[in-house]
Amino acid sequence: MATTEFVPDQAKTEEITAHVIWMTTGLSCDGDSVAMTSAVNPSLEDIVTQAIPGMPKVVVHNPVLAYEVGAEFMQAWYDAEAGKLDPFVLVVEGSIPNEQINGDGYWAGMGDDPDTGQPITTNEWVDRLAPKAAAVVALGTCATYGGIPAMKNNPTGAMGLPDYLGWNWKSTANLPVVCIPGCPAQPDNTTETLLYLALHLAGRAPAPELDEALRPKWLFGRTVREGCNRAGFAEQGDFATEYGSDHRCLVKLGCKGPVVKCNVPVRGWQSGVGGCPNVGGICMACTMPGFPDKYMPFMDEDKWGGAAASIMKFSYGPIVRYMRHRHIRNEFDKEPEWRRKGAALTTGYQKRW
Ligand code: SF4
Ligand code: SF4
(Lines give C-alpha, C1' and ligand atoms only; values in the text may rest on other atoms or scores of the structure.)
(Ligands and ions follow the chains in the order given, each with its own letter.)
Protein backbone atom coordinates (compact mmCIF):
# COMPACT_ATOMS: atom_id res chain seq x y z
CA MET A 1 0.00 0.00 0.00
CA ALA A 2 2.90 2.37 0.53
CA THR A 3 5.17 3.35 -2.31
CA THR A 4 8.47 3.25 -0.37
CA GLU A 5 10.13 0.10 0.88
CA PHE A 6 9.01 -0.82 4.37
CA VAL A 7 10.95 -2.78 7.01
CA PRO A 8 8.89 -4.12 9.97
CA ASP A 9 10.09 -3.38 13.50
CA GLN A 10 9.50 -6.61 15.48
CA ALA A 11 10.77 -5.23 18.80
CA LYS A 12 8.36 -2.30 18.73
CA THR A 13 5.37 -4.60 18.17
CA GLU A 14 6.00 -6.37 21.41
CA GLU A 15 6.25 -3.13 23.36
CA ILE A 16 3.17 -1.06 22.60
CA THR A 17 -0.41 -1.05 23.78
CA ALA A 18 -2.48 1.06 21.40
CA HIS A 19 -5.54 2.71 22.95
CA VAL A 20 -8.53 3.77 20.88
CA ILE A 21 -10.32 6.80 22.32
CA TRP A 22 -13.62 6.74 20.44
CA MET A 23 -15.86 9.80 20.66
CA THR A 24 -19.45 9.47 19.45
CA THR A 25 -20.32 12.96 20.60
CA GLY A 26 -20.08 14.73 17.31
CA LEU A 27 -23.53 15.36 15.86
CA SER A 28 -23.99 11.64 15.60
CA CYS A 29 -26.52 8.81 15.71
CA ASP A 30 -23.93 6.28 16.99
CA GLY A 31 -24.67 4.30 13.83
CA ASP A 32 -21.01 3.75 12.98
CA SER A 33 -20.30 2.17 16.38
CA VAL A 34 -23.41 0.01 16.18
CA ALA A 35 -22.59 -1.08 12.61
CA MET A 36 -19.00 -1.86 13.59
CA THR A 37 -20.16 -4.50 16.07
CA SER A 38 -21.14 -6.68 13.07
CA ALA A 39 -17.67 -6.59 11.51
CA VAL A 40 -16.18 -9.98 10.67
CA ASN A 41 -13.06 -9.23 8.68
CA PRO A 42 -11.60 -8.53 11.19
CA SER A 43 -14.12 -8.51 14.02
CA LEU A 44 -13.82 -6.22 17.02
CA GLU A 45 -13.30 -9.35 19.11
CA ASP A 46 -10.31 -10.32 16.91
CA ILE A 47 -8.80 -6.91 17.63
CA VAL A 48 -9.33 -6.66 21.38
CA THR A 49 -8.23 -10.26 22.00
CA GLN A 50 -5.08 -9.75 19.90
CA ALA A 51 -6.10 -12.73 17.78
CA ILE A 52 -4.25 -11.63 14.64
CA PRO A 53 -0.58 -12.64 14.44
CA GLY A 54 1.84 -9.73 14.77
CA MET A 55 -0.67 -7.22 16.03
CA PRO A 56 -0.07 -5.20 19.20
CA LYS A 57 -2.41 -5.09 22.18
CA VAL A 58 -5.36 -2.79 21.48
CA VAL A 59 -7.71 -1.36 24.12
CA VAL A 60 -10.94 0.23 22.84
CA HIS A 61 -12.72 2.94 24.86
CA ASN A 62 -16.11 3.44 23.21
CA PRO A 63 -19.17 4.85 25.04
CA VAL A 64 -21.61 2.62 23.14
CA LEU A 65 -19.74 -0.53 24.17
CA ALA A 66 -18.18 0.29 27.53
CA TYR A 67 -19.29 -1.29 30.80
CA GLU A 68 -17.95 1.69 32.74
CA VAL A 69 -20.12 4.77 33.16
CA GLY A 70 -19.72 8.32 34.44
CA ALA A 71 -16.37 9.36 35.92
CA GLU A 72 -14.97 5.84 35.61
CA PHE A 73 -15.60 5.84 31.86
CA MET A 74 -14.28 9.40 31.40
CA GLN A 75 -10.96 8.53 33.09
CA ALA A 76 -9.46 7.26 29.81
CA TRP A 77 -10.14 10.65 28.21
CA TYR A 78 -8.27 12.46 30.99
CA ASP A 79 -5.47 9.87 30.88
CA ALA A 80 -5.09 10.40 27.12
CA GLU A 81 -4.96 14.14 27.64
CA ALA A 82 -2.33 13.70 30.37
CA GLY A 83 -0.13 11.60 28.07
CA LYS A 84 -0.68 8.38 30.05
CA LEU A 85 -2.10 6.46 27.06
CA ASP A 86 0.62 6.42 24.49
CA PRO A 87 0.11 5.81 21.67
CA PHE A 88 -3.61 6.41 21.22
CA VAL A 89 -5.85 6.67 18.18
CA LEU A 90 -8.61 9.25 18.43
CA VAL A 91 -11.75 8.12 16.59
CA VAL A 92 -14.43 10.76 16.08
CA GLU A 93 -17.96 9.82 15.06
CA GLY A 94 -20.47 12.52 14.13
CA SER A 95 -19.96 15.95 12.60
CA ILE A 96 -18.26 18.77 14.43
CA PRO A 97 -20.56 21.65 15.34
CA ASN A 98 -19.31 25.21 15.38
CA GLU A 99 -19.34 26.19 19.06
CA GLN A 100 -18.40 29.76 18.13
CA ILE A 101 -22.03 30.24 17.08
CA ASN A 102 -23.77 28.35 19.90
CA GLY A 103 -25.51 31.37 21.45
CA ASP A 104 -26.01 30.85 25.18
CA GLY A 105 -25.73 27.08 25.13
CA TYR A 106 -23.64 24.42 23.44
CA TRP A 107 -24.23 22.03 20.55
CA ALA A 108 -22.52 18.85 21.72
CA GLY A 109 -20.38 17.75 24.66
CA MET A 110 -19.21 14.91 26.82
CA GLY A 111 -18.40 14.88 30.54
CA ASP A 112 -18.42 17.85 32.92
CA ASP A 113 -15.62 20.21 33.77
CA PRO A 114 -14.94 19.53 37.49
CA ASP A 115 -14.17 23.21 38.14
CA THR A 116 -17.25 24.75 36.53
CA GLY A 117 -19.69 21.84 36.41
CA GLN A 118 -20.29 22.77 32.77
CA PRO A 119 -20.20 20.25 29.89
CA ILE A 120 -16.93 19.87 28.03
CA THR A 121 -17.84 20.44 24.40
CA THR A 122 -16.91 18.13 21.56
CA ASN A 123 -14.89 20.99 20.07
CA GLU A 124 -12.89 21.22 23.29
CA TRP A 125 -12.23 17.48 23.46
CA VAL A 126 -10.95 17.54 19.88
CA ASP A 127 -8.76 20.55 20.73
CA ARG A 128 -7.37 18.76 23.81
CA LEU A 129 -6.82 15.29 22.34
CA ALA A 130 -6.02 15.67 18.64
CA PRO A 131 -2.58 17.28 19.25
CA LYS A 132 -1.59 14.27 21.39
CA ALA A 133 -3.04 11.51 19.19
CA ALA A 134 -0.74 9.26 17.16
CA ALA A 135 -3.56 8.96 14.60
CA VAL A 136 -6.96 10.55 14.18
CA VAL A 137 -9.79 8.76 12.41
CA ALA A 138 -12.96 10.46 11.17
CA LEU A 139 -15.56 7.68 11.11
CA GLY A 140 -18.75 7.92 9.08
CA THR A 141 -19.74 10.61 6.62
CA CYS A 142 -20.78 13.05 9.36
CA ALA A 143 -17.28 13.02 10.86
CA THR A 144 -15.43 12.90 7.54
CA TYR A 145 -17.22 15.56 5.50
CA GLY A 146 -20.13 16.85 7.63
CA GLY A 147 -22.85 14.58 6.24
CA ILE A 148 -26.52 15.09 7.03
CA PRO A 149 -26.04 17.51 9.99
CA ALA A 150 -23.98 19.78 7.68
CA MET A 151 -26.69 20.19 5.03
CA LYS A 152 -27.45 23.62 3.65
CA ASN A 153 -29.49 25.76 6.08
CA ASN A 154 -28.40 23.79 9.17
CA PRO A 155 -28.16 25.99 12.30
CA THR A 156 -25.06 24.43 13.91
CA GLY A 157 -22.41 25.26 11.29
CA ALA A 158 -21.56 21.53 11.32
CA MET A 159 -18.49 20.33 9.45
CA GLY A 160 -16.23 17.31 9.05
CA LEU A 161 -13.10 16.74 11.12
CA PRO A 162 -10.69 17.72 8.31
CA ASP A 163 -12.65 20.98 7.93
CA TYR A 164 -12.22 21.57 11.67
CA LEU A 165 -8.56 20.49 12.11
CA GLY A 166 -7.42 21.41 8.59
CA TRP A 167 -6.97 19.22 5.51
CA ASN A 168 -3.18 19.39 5.94
CA TRP A 169 -3.25 18.68 9.68
CA LYS A 170 -0.90 15.91 10.90
CA SER A 171 -0.93 13.67 13.99
CA THR A 172 2.08 13.00 16.22
CA ALA A 173 2.85 10.00 13.96
CA ASN A 174 2.74 12.38 10.97
CA LEU A 175 -0.54 11.05 9.58
CA PRO A 176 -3.33 13.23 8.19
CA VAL A 177 -6.88 12.67 9.42
CA VAL A 178 -7.84 9.21 8.14
CA CYS A 179 -11.38 9.35 6.72
CA ILE A 180 -13.68 6.32 6.62
CA PRO A 181 -16.89 7.67 5.10
CA GLY A 182 -20.22 5.89 4.83
CA CYS A 183 -23.57 6.32 6.51
CA PRO A 184 -22.79 4.27 8.43
CA ALA A 185 -19.20 3.34 7.65
CA GLN A 186 -19.05 -0.23 6.33
CA PRO A 187 -18.19 -2.33 9.44
CA ASP A 188 -15.16 -4.17 8.02
CA ASN A 189 -13.78 -0.92 6.58
CA THR A 190 -13.80 0.44 10.15
CA THR A 191 -12.13 -2.52 11.87
CA GLU A 192 -9.67 -3.13 9.03
CA THR A 193 -8.49 0.48 9.13
CA LEU A 194 -8.16 0.44 12.93
CA LEU A 195 -6.16 -2.78 12.74
CA TYR A 196 -4.00 -1.30 10.00
CA LEU A 197 -3.29 1.80 12.08
CA ALA A 198 -2.43 -0.33 15.14
CA LEU A 199 0.02 -2.33 13.00
CA HIS A 200 1.48 0.90 11.63
CA LEU A 201 1.96 2.40 15.10
CA ALA A 202 3.61 -0.85 16.17
CA GLY A 203 6.09 -0.60 13.30
CA ARG A 204 4.56 -3.55 11.43
CA ALA A 205 2.97 -1.74 8.46
CA PRO A 206 3.74 1.35 6.40
CA ALA A 207 1.64 4.51 6.63
CA PRO A 208 -1.75 4.05 4.97
CA GLU A 209 -2.05 5.55 1.50
CA LEU A 210 -4.92 8.00 1.32
CA ASP A 211 -6.66 9.64 -1.64
CA GLU A 212 -7.35 13.35 -2.08
CA ALA A 213 -10.40 13.10 0.21
CA LEU A 214 -8.21 11.33 2.84
CA ARG A 215 -9.89 7.92 2.31
CA PRO A 216 -7.74 4.73 2.37
CA LYS A 217 -6.99 4.14 -1.31
CA TRP A 218 -7.28 0.38 -1.12
CA LEU A 219 -10.85 0.67 0.18
CA PHE A 220 -12.18 3.58 -1.88
CA GLY A 221 -10.36 3.25 -5.21
CA ARG A 222 -13.31 1.80 -7.15
CA THR A 223 -16.70 3.21 -7.98
CA VAL A 224 -19.93 1.51 -6.96
CA ARG A 225 -20.58 0.74 -10.63
CA GLU A 226 -17.17 -0.92 -10.94
CA GLY A 227 -18.08 -3.38 -8.16
CA CYS A 228 -21.84 -3.69 -8.69
CA ASN A 229 -23.39 -7.03 -9.66
CA ARG A 230 -25.78 -5.12 -12.00
CA ALA A 231 -22.97 -3.48 -13.98
CA GLY A 232 -23.13 -6.11 -16.73
CA PHE A 233 -26.74 -5.09 -17.42
CA ALA A 234 -25.72 -1.44 -17.77
CA GLU A 235 -23.05 -2.43 -20.27
CA GLN A 236 -25.76 -4.11 -22.34
CA GLY A 237 -28.09 -1.12 -22.16
CA ASP A 238 -30.56 -2.95 -19.91
CA PHE A 239 -32.14 -0.63 -17.30
CA ALA A 240 -34.86 -1.11 -14.69
CA THR A 241 -37.79 1.28 -14.93
CA GLU A 242 -39.49 0.36 -11.65
CA TYR A 243 -38.38 -0.90 -8.23
CA GLY A 244 -38.35 -4.58 -7.50
CA SER A 245 -38.66 -5.50 -11.16
CA ASP A 246 -35.55 -7.64 -11.68
CA HIS A 247 -31.75 -7.48 -11.58
CA ARG A 248 -31.23 -4.74 -14.18
CA CYS A 249 -29.18 -1.55 -13.66
CA LEU A 250 -30.86 1.03 -11.40
CA VAL A 251 -29.35 4.20 -12.85
CA LYS A 252 -32.67 5.36 -14.33
CA LEU A 253 -34.25 5.06 -10.88
CA GLY A 254 -31.72 7.49 -9.40
CA CYS A 255 -28.72 5.28 -8.57
CA LYS A 256 -25.56 7.43 -8.42
CA GLY A 257 -23.21 4.42 -8.49
CA PRO A 258 -21.26 5.37 -11.63
CA VAL A 259 -19.75 8.44 -9.90
CA VAL A 260 -19.49 7.25 -6.27
CA LYS A 261 -16.39 5.78 -4.62
CA CYS A 262 -17.46 2.95 -2.32
CA ASN A 263 -16.60 -0.73 -1.86
CA VAL A 264 -19.91 -1.82 -0.34
CA PRO A 265 -21.10 -3.66 -3.49
CA VAL A 266 -17.87 -5.69 -3.36
CA ARG A 267 -17.64 -6.16 0.40
CA GLY A 268 -21.34 -6.41 1.26
CA TRP A 269 -22.82 -5.05 4.47
CA GLN A 270 -22.48 -7.96 6.84
CA SER A 271 -20.44 -11.13 6.35
CA GLY A 272 -20.26 -10.33 2.63
CA VAL A 273 -24.06 -10.15 2.24
CA GLY A 274 -25.97 -7.13 0.91
CA GLY A 275 -24.51 -4.04 -0.73
CA CYS A 276 -27.11 -1.41 -1.73
CA PRO A 277 -27.55 -1.80 -5.54
CA ASN A 278 -26.61 -5.51 -5.35
CA VAL A 279 -29.84 -6.07 -3.44
CA GLY A 280 -32.07 -3.56 -5.22
CA GLY A 281 -31.46 -0.22 -3.49
CA ILE A 282 -30.16 2.80 -5.37
CA CYS A 283 -26.77 4.19 -4.32
CA MET A 284 -27.37 7.55 -2.65
CA ALA A 285 -23.65 8.45 -2.59
CA CYS A 286 -23.34 8.34 1.19
CA THR A 287 -19.53 8.04 1.11
CA MET A 288 -18.98 11.20 -0.91
CA PRO A 289 -17.85 14.65 0.31
CA GLY A 290 -20.82 16.23 -1.53
CA PHE A 291 -23.38 14.04 0.30
CA PRO A 292 -26.26 14.68 0.70
CA ASP A 293 -26.80 18.09 -0.94
CA LYS A 294 -25.15 17.37 -4.29
CA TYR A 295 -27.10 14.15 -4.84
CA MET A 296 -30.64 15.24 -4.02
CA PRO A 297 -33.39 14.47 -4.80
CA PHE A 298 -32.01 10.97 -4.31
CA MET A 299 -34.59 9.16 -6.40
CA ASP A 300 -34.37 11.42 -9.45
CA GLU A 301 -32.30 10.24 -12.38
CA ASP A 302 -28.99 12.10 -12.67
CA LYS A 303 -29.00 13.93 -16.01
CA TRP A 304 -25.53 12.73 -17.06
CA GLY A 305 -26.15 9.20 -15.80
CA GLY A 306 -29.45 9.20 -17.65
CA ALA A 307 -27.84 10.48 -20.84
CA ALA A 308 -25.12 7.80 -20.67
CA ALA A 309 -27.79 5.16 -20.07
CA SER A 310 -29.79 6.34 -23.10
CA ILE A 311 -26.69 6.10 -25.29
CA MET A 312 -26.09 2.52 -24.10
CA LYS A 313 -29.74 1.62 -24.48
CA PHE A 314 -30.20 2.95 -28.00
CA SER A 315 -26.81 2.23 -29.57
CA TYR A 316 -24.38 -0.60 -28.86
CA GLY A 317 -26.16 -2.06 -25.79
CA PRO A 318 -28.83 -4.05 -27.67
CA ILE A 319 -26.23 -5.28 -30.20
CA VAL A 320 -23.92 -6.50 -27.44
CA ARG A 321 -26.84 -8.12 -25.66
CA TYR A 322 -28.11 -9.83 -28.82
CA MET A 323 -24.67 -11.13 -29.84
CA ARG A 324 -23.88 -12.44 -26.35
CA HIS A 325 -27.16 -14.27 -25.97
CA ARG A 326 -26.83 -15.69 -29.46
CA HIS A 327 -23.33 -17.00 -28.70
CA ILE A 328 -24.49 -18.43 -25.40
CA ARG A 329 -27.48 -20.16 -27.01
CA ASN A 330 -25.65 -21.49 -30.08
CA GLU A 331 -22.24 -22.28 -28.68
CA PHE A 332 -21.24 -21.87 -25.05
CA ASP A 333 -24.38 -23.34 -23.47
CA LYS A 334 -23.74 -26.66 -25.25
CA GLU A 335 -21.26 -29.46 -24.49
CA PRO A 336 -18.56 -30.36 -27.07
CA GLU A 337 -19.94 -32.87 -29.57
CA TRP A 338 -17.45 -35.69 -28.68
CA ARG A 339 -18.97 -36.30 -25.23
CA ARG A 340 -21.25 -39.24 -26.08
CA LYS A 341 -21.59 -42.98 -25.85
CA GLY A 342 -20.47 -45.26 -28.70
CA ALA A 343 -17.90 -47.80 -29.89
CA ALA A 344 -15.63 -45.17 -31.46
CA LEU A 345 -13.40 -42.63 -29.71
CA THR A 346 -14.31 -39.26 -31.24
CA THR A 347 -12.27 -36.93 -29.03
CA GLY A 348 -9.42 -36.49 -31.52
CA TYR A 349 -6.94 -38.21 -29.18
CA GLN A 350 -3.91 -39.65 -30.97
CA LYS A 351 -1.57 -42.26 -29.50
CA ARG A 352 1.97 -41.00 -29.08
CA TRP A 353 3.69 -44.37 -28.57
FE1 SF4 B 1 -25.12 8.36 11.87
FE2 SF4 B 1 -24.56 8.22 9.25
FE3 SF4 B 1 -23.75 10.27 10.66
FE4 SF4 B 1 -22.62 7.92 11.08
S5 SF4 B 1 -22.49 9.07 9.21
S6 SF4 B 1 -23.26 9.39 12.64
S7 SF4 B 1 -24.36 6.56 10.70
S8 SF4 B 1 -25.88 9.74 10.27
FE1 SF4 C 1 -23.57 4.51 0.36
FE2 SF4 C 1 -23.85 4.01 -2.27
FE3 SF4 C 1 -21.96 2.78 -0.87
FE4 SF4 C 1 -24.55 2.18 -0.49
S5 SF4 C 1 -23.35 1.81 -2.36
S6 SF4 C 1 -22.97 2.48 1.11
S7 SF4 C 1 -25.52 4.20 -0.75
S8 SF4 C 1 -22.10 4.99 -1.27
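Reader: Which residues are around ligand 2, and what makes a residue count as near the ligand?

Author: In this predicted model, the residues around ligand 2 are Val-224, Val-260, Cys-262, Val-264, Trp-269, Cys-276, Pro-277, Cys-283, Met-284, Ala-285, Cys-286 and Thr-287. They are counted because each has a heavy atom within 4 Å of the ligand.

Reader: How are the residues of that shell divided into nonpolar, polar and charged?

Author: The shell around ligand 2 has 11 nonpolar residues, one polar residue and no charged residue.

Reader: Which residues are around ligand 1, and how do they divide by type?

Author: The shell consists of Ser-28, Cys-29, Gly-31, Asp-32, Gly-140, Thr-141, Cys-142, Gly-182, Cys-183 and Pro-184. Helix H2 and helix H6 (140-145) are the elements that give two or more residues to this shell. The largest share, three residues, comes from H6. By type, four residues are nonpolar, five are polar and one is charged.

Reader: What makes Gln-50 worth a remark?

Author: Gln-50 has a positive phi of about 60°, although it is not a glycine. Gln-50 lies in the loop between H3 and E2.

Reader: What is the order of the strands in the open sheet, and which are called edge strands?

Author: The five strands have the order E2-E1-E3-E6-E7, with parallel pairing. Strand E2 (57-61) and strand E7 (178-180) are the edge strands, as each pairs on one side only. Neighbouring strands are turned by 20° against each other on average, direction ignored.

Reader: How do you know that E1 and E2 pair?

Author: Strand E1 (residues 17-23) is joined to E2 by five bridges. At least two are required, so these strands count as paired. Within this pair, His-19 stands opposite Val-59 in E2.

Reader: Which strands does helix H4 touch, and which does helix H8 touch?

Author: Helix H4 (residues 70-81) touches E1, E2 and strand E3 (88-93), and its direction makes about 115° with that of E1. Helix H8 (residues 187-201) touches E1, E2, E3, strand E6 (135-139) and E7, and its direction makes about 160° with that of E7. These are called contacts because heavy atoms lie within 4.5 Å.

Reader: In which sense do E4 and E5 pair?

Author: Strand E4 (residues 109-112) and strand E5 (residues 119-121) pair in the antiparallel sense over two bridges. The requirement is at least two, so this pair meets it. Gly-109 has Thr-121 in E5 as its bridge partner. The hairpin of E4 and E5 has six residues between the strands, and Gly-117 takes a positive phi near 75° there.

How values were computed:
Residues are numbered from 1 along each chain as its sequence is written. Chains are lettered from A and ligands numbered from 1 in the order in which they are written. This is a predicted model: local features need pLDDT of at least 70, side-chain atom pairs count only at pLDDT 80 or more; totals for chains, interfaces and linings use all residues. Side-chain values use heavy atoms; hydrogens and water are left out. Helices (H or I, at least four residues) and strands (E, at least two) are DSSP runs, numbered from the N terminus. Axes are lines fitted to C-alpha atoms, for helices over the stretch in contact, and angles run from 0 to 180 degrees between N-to-C directions. Ala, Val, Leu, Ile, Met, Phe, Trp, Tyr, Cys and Pro count as nonpolar, Asp, Glu, Lys and Arg as charged, and the others, Gly among them, as polar.
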